[in-house]
Structure formats: C-alpha cells, structure tokens
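Biologist: Could you take me through this model feature by feature, giving the general idea each time and then the case at hand?

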Amino acid sequence: MSLPWYRVVGREDVLFEHAAGLQLPILLKGPTGCGKTRFVRHMAAKLGRPLITVSCQEDLSAADLTGRYLLKGGDTVWQDGPVTRAVREGAVLYLDEFVEARPDVLTLLHPLTDDRRILTIERLAEEVPAIDGFQVVVSYNPGYQRAARALKESTRQRFVALNFSYPPADVEAEIVAHESGCDVEIAAQLVAVGQATRTLRTQGLKEGASTRLIVYAAQLHGSGLSLEAACDATLAQALSDDPDIEQAIRDLIRTRLG
C-alpha cells in the first residue's frame, strides 16, 4: 500500500519517528488545514501501524471511547470503542481538536500518556495494558482555543510537542500543485492570494486561508472556473460572513491576480 502523500517541511518526520520508537505521546499544534491530519496518516502508514482517528467534541464521552454493551440477536454483547481498539491493536490513536474533549475523556487518557500505559474500562471492571506500538497523538488549533478549553498544564506536559504552520510560499505552491493537479505557476498565484489573506487578522479576519482551501480553489479552477471565481468561492465567501472583510479579500484577489 502506498503512503499517503505528505511534503516534509522541516524535520517533523524525524521527531515523530523518535517519539514513536519510545512510544511517547505527541501534541501537534497549528492552524486549520495546514497538514496535521495528513502528516499523522502518512507517519502511521510509514511505520506500518494502524490508525484510529477520533474527532473530539463536547458530546463525546469517555464511555463512547471505551465501548458499550449492545443488543445483538437477543444477546447483550460488549463492543470496544475506538480507544479500546487502539490499545488492544497497538494502533496510533489520533485525537483531533483535542481541546474540545470533555474532562472525563482527558481523565481516561491520562494513564495512557504516562509510564502506566493502561486503559481502565469501568463497565468491565478491567484494566487493559496497551500493547507495543500503541501511541497517542493529539492535535489542536491554538488560534481557536477558548479560555475554558485551554489545555491544562498537567495535560500539556504529558506530550512531546510539534509546531505546525503554513509552509513557505514555494513549498506551499508545490503542495497545491500536487494535490490539485494544476500547474505550479497557477498554484503560485493562488498561494500568493491565500498568504495575503493571512495578513488580514488585524482587520478582523479570524484566520486566513488554509492550504486546504487553496487546494480547493485550484481544483475548482481545474474544473473550468476562472481563477477569480474559484478564489471568490473559497478565499472570500468561505472565510467570512462580514461584508467588509469579504470585500477586502476580493480586493486582494483582484490585485494579486492582476
């Protein structure tokens, strides 16, 4: 099976491999759409480990992650949840948007992110040791964390941290061209627009265009839309509902595209 494509920007792959060899948990920090999830998929495949992904949100409880009893054919049968499966299979457990996790989920994970490496399943009155290969990887976007959702120091200090950011323009253009199939010259134009939107945070834009959105713009252009129309749909309308900010982005698009 081929590896999910990922363009290494620094030495993030080397650090991940070292941490994986030591079975240390990893914290990925960076803006939305900059490649964190693709990186985890790439590294899990490169290391030959199964990957189990969980998108954290307020309604997701510890019980949802460990498992539950289900009725099957008139019998009550236990079904492992994603965390239990990862522990038993020696998988990479990837928790996306980790700061959105409930306190009971954090409590569940604490014994899995230190030297104990055990999962307590209260409903089974069982402690399941993590087999070799199991590793916890979490990610979040520091720009969006709320004060009530900031990581506690007791949680933060359980992880080796990797900072992600948007890559340099030439590398980002390479990524956009590869992912969309467009020419590098077109990708460079779109990246210039996307990077310009990231300077608008001082004008009220919460976050500029992600690499993912720039790829969408390239794909739309490849389907037959003009560059300006593709950018308007992805880099103007998708980034804000504020008419003034939308117009500021449209002005950027016209300026950068000539």
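Biologist: Which residue lies over the face of Tyr-166, and how should I read such an arrangement?

Modeller: A charge sits over a ring if NZ of Lys or CZ of Arg is within 6 Å of the ring centre and within 35 degrees of the ring normal. In this predicted model, Arg-198 lies over the face of Tyr-166, at 3.7 Å from the ring centre. Residues are numbered from 1 along each chain as its sequence is written, and side-chain values use heavy atoms, with hydrogens and water left out. Local features need pLDDT of at least 70 and side-chain atom pairs count only at pLDDT 80 or more, whereas totals for chains, interfaces and linings use all residues.

Biologist: How many aromatic pairs are found in the whole structure?

Modeller: Rings of Phe, Tyr and Trp (its six-membered ring) pair if their centres lie within 6.5 Å; planes under 30 degrees apart count as stacked, over 60 as edge-to-face and the rest as tilted. A search of the whole structure gives five such pairs. The ring centres of Phe-16 and Phe-39 are 5.5 Å apart and the planes stand at 90 degrees, so this pair is edge-to-face. Because Phe-16 belongs to helix α1 (residues 12–21) and Phe-39 to helix α2 (residues 36–46), the pair ties together parts that are 23 residues apart in sequence; helices (H or I, at least four residues) and strands (E, at least two) are DSSP runs, numbered from the N terminus.

Biologist: Are Phe-16 and Phe-39 buried or exposed?

Modeller: Buried means under 20% relative accessible area, exposed over 50%, and partly exposed in between (1.4 Å probe, protein chains only). Phe-16 has 0% relative accessibility and therefore counts as buried, and Phe-39, at 0%, counts as buried too. For Phe-98 and Phe-159, the ring centres lie 5.9 Å apart with planes at 70 degrees, so that pair is edge-to-face, and both residues are buried. As for clusters, Tyr-6, Phe-16, Phe-39 and Phe-164 form one.

Biologist: Which residues have the most contacts inside the largest nonpolar core?

Modeller: A nonpolar core is a set of buried Ala, Val, Leu, Ile, Met, Phe, Trp, Tyr and Cys residues joined through side-chain atoms within 4.5 Å. The largest one here has 32 residues, and Leu-93, Leu-95 and Phe-98 have the most contacts inside it. Several elements each supply at least two residues of this core, including β2 (51–55), α4 (82–89), β5 (92–96) and β8 (135–140), while the largest share, four residues, comes from α5. Contact means heavy atoms within 4.5 Å, and, not counting residues up to four places away in sequence, Leu-95 touches a set of residues including Val-54, Leu-109 and Val-138.

Biologist: In what order do the strands of the open sheet run?

Modeller: Two strands pair if DSSP finds at least two bridges between them. Five strands form the open sheet in the order β2-β5-β8-β1-β9, with parallel pairing, and β2 and β9 are the edge strands, each pairing on one side only. Four bridges join β5 to β8, and Leu-95 stands opposite Val-138 in β8. Angles run from 0 to 180 degrees between N-to-C directions, with axes fitted as lines to C-alpha atoms, for helices over the stretch in contact. On that basis α4, which lies across β2 and β5, runs at about 160 degrees to β2.
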